[in-house]
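The sequence and structure come first, followed by notes on packing and pairing.

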Amino acid sequence: PLSTQDDVAATLVQDHNLPTYAIKGEDQATYYSHLQAVLNTRPQFTMDDGCDLVHMLHTEKQGLLKGVFGGTEETTTGVVRLRAMVKKNALKYPVIAVNEAMTKHFFDNRYGTGQSTLDGIMRATNLLFAGSTVVVAGYGWCGKGVSMRAKGMGAQVVVTEIDHIRALEAIMDGFRVMTMEEAAKIGDIFITVTGNKHVLRREHFAVMKDGAVIANAGHFNVEIDIPALAKNAVARQIVREFVEGFRLKDGRTLFLIADGRLVNLSAAEGHSASVMDMSFANQALAAEYLVKNRGKMKKEVYNVPENIDREIARLKLAALGISVDHLTDEQKSYMDTWEEGT
């Protein structure tokens, strides 16, 4: 609802004659009416970012499913939902999980989200990261990027996790790891990047510092229990564009950025083109792959084929003017044998 850039939407219509249904700041009803409008065009292929379009197609527009032969999904949250659909035998056409490509999550999620999330928070608040305690909820690829960039800005970074391996990795990367119950008491800026629900909730709001800033860079704004925050507030006020203050009964004020929507898209401009090019290359080549294999694939979620993933990496390096080494014939032979040892 907050991620559209209206000038981009307008030029798609005016200059490229592409039907476009999106307005920055649209409410929930308008958002879903736009999904309806898109599906009324009777698509043969879907490119989704969060699985809302696919969900509506499978629940409210089932009559259109027979005309759809494939789709792609851009983000972690959408892939999670799609795999849940597969488990329940609900997915009715094959979908390629672009998010799982190495040339997507290694770069877009880590470097793109890492930089643009901080950009969104800084634009919205004008706060200084240096010396602040930043709590990052989730240490997946996005969480790694946000933590890395916050540390680079001079912040003291705390990571919260539910996965023991990722928590251990965060420790080894030099971050403090603790429960959100503990982190809520010391954080100045909170950033959720989990893709889950109510990661920040009532008991956390109850112990946060006066003036704490809350933002989401995961996906849907359900990562933050906004109804619970609103219920415990005696007053609400827009203090800056994209910044809403919730004054609580005990006098503390907590600041929510961009209604808990994706802060990097809502309060900034999202990722740089120099990292999104790889994501969009994955989308384009995955679409081509699905067209070429139409009717041959099961109604499941597929990863981007490895040869496509590696070709995108090759093309990216070529575009940067960078060359890599190649194995010699002797090295290739050595890698294919087991006889030669010490």
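Which residues in helix 4 are buried? They are Thr-77, Gly-78, Val-79, Leu-82 and Met-85, where buried means under 20% relative accessible area with a 1.4 Å probe and protein chains only.

## Basis of the model

This is a predicted model, in which local features need pLDDT of at least 70 and side-chain atom pairs count only at pLDDT 80 or more, while totals for chains, interfaces and linings use all residues. Residues are numbered from 1 along each chain as its sequence is written, and side-chain values use heavy atoms, with hydrogens and water left out.

## Helix 4

Helices (H or I, at least four residues) and strands (E, at least two) are DSSP runs numbered from the N terminus. Helix 4 covers residues 76-87, and its twelve residues should span 16 Å at 1.5 Å a residue; the end C-alpha atoms are 17 Å apart, which agrees. The expected span is 1.5 Å times one less than the number of residues.

The buried residues of helix 4 pack against helix 3 (52-59), strand 2 (70-73), strand 3 (95-97) and strand 12 (301-303). Contact here means heavy atoms within 4.5 Å. Just after helix 4, Asn-89 has a positive phi of about 60°.

## Helix 5 and helix 12

Two packed helices are described by the angle and the distance between their axes. For helix 5 (residues 102-125) and helix 12 (residues 273-292), the axes come within 9 Å and cross at roughly 145°. Axes are lines fitted to C-alpha atoms, for helices over the stretch in contact, with angles from 0 to 180 degrees between N-to-C directions.

On the helix 5 side, the contact involves Thr-103, Lys-104, Phe-107, Asp-108 and Gly-112; on the helix 12 side, Val-275, Met-276, Met-278, Ser-279 and Asn-282. These residues divide into four nonpolar, four polar and two charged (Ala, Val, Leu, Ile, Met, Phe, Trp, Tyr, Cys and Pro count as nonpolar; Asp, Glu, Lys and Arg as charged; the others, Gly among them, as polar).

Thr-117 also lies in helix 5. Thr-117 is buried, at a relative accessible area of 0%, and touches Val-146, Ile-191, Ala-217, Val-263 and Asn-264, leaving aside residues up to four places away in sequence.

## Strand 7

Strand 7 (residues 189-192) is covered on both faces: Ile-189 and Ile-191 on one side, and Phe-190 and Thr-192 on the other, are all buried.

Strand 4 (residues 133-137) runs parallel to strand 7 and is joined to it by four bridges; two strands pair if DSSP finds at least two bridges between them. Val-136 has Ile-191 as its bridge partner in strand 7. Strand 8 (residues 213-216) also pairs with strand 7 in the parallel sense, over four bridges, and Val-213 in strand 8 is the bridge partner of Ile-189.

Definitions and conventions
Buried means under 20% relative accessible area, exposed over 50%, partly exposed in between (1.4 Å probe, protein chains only).
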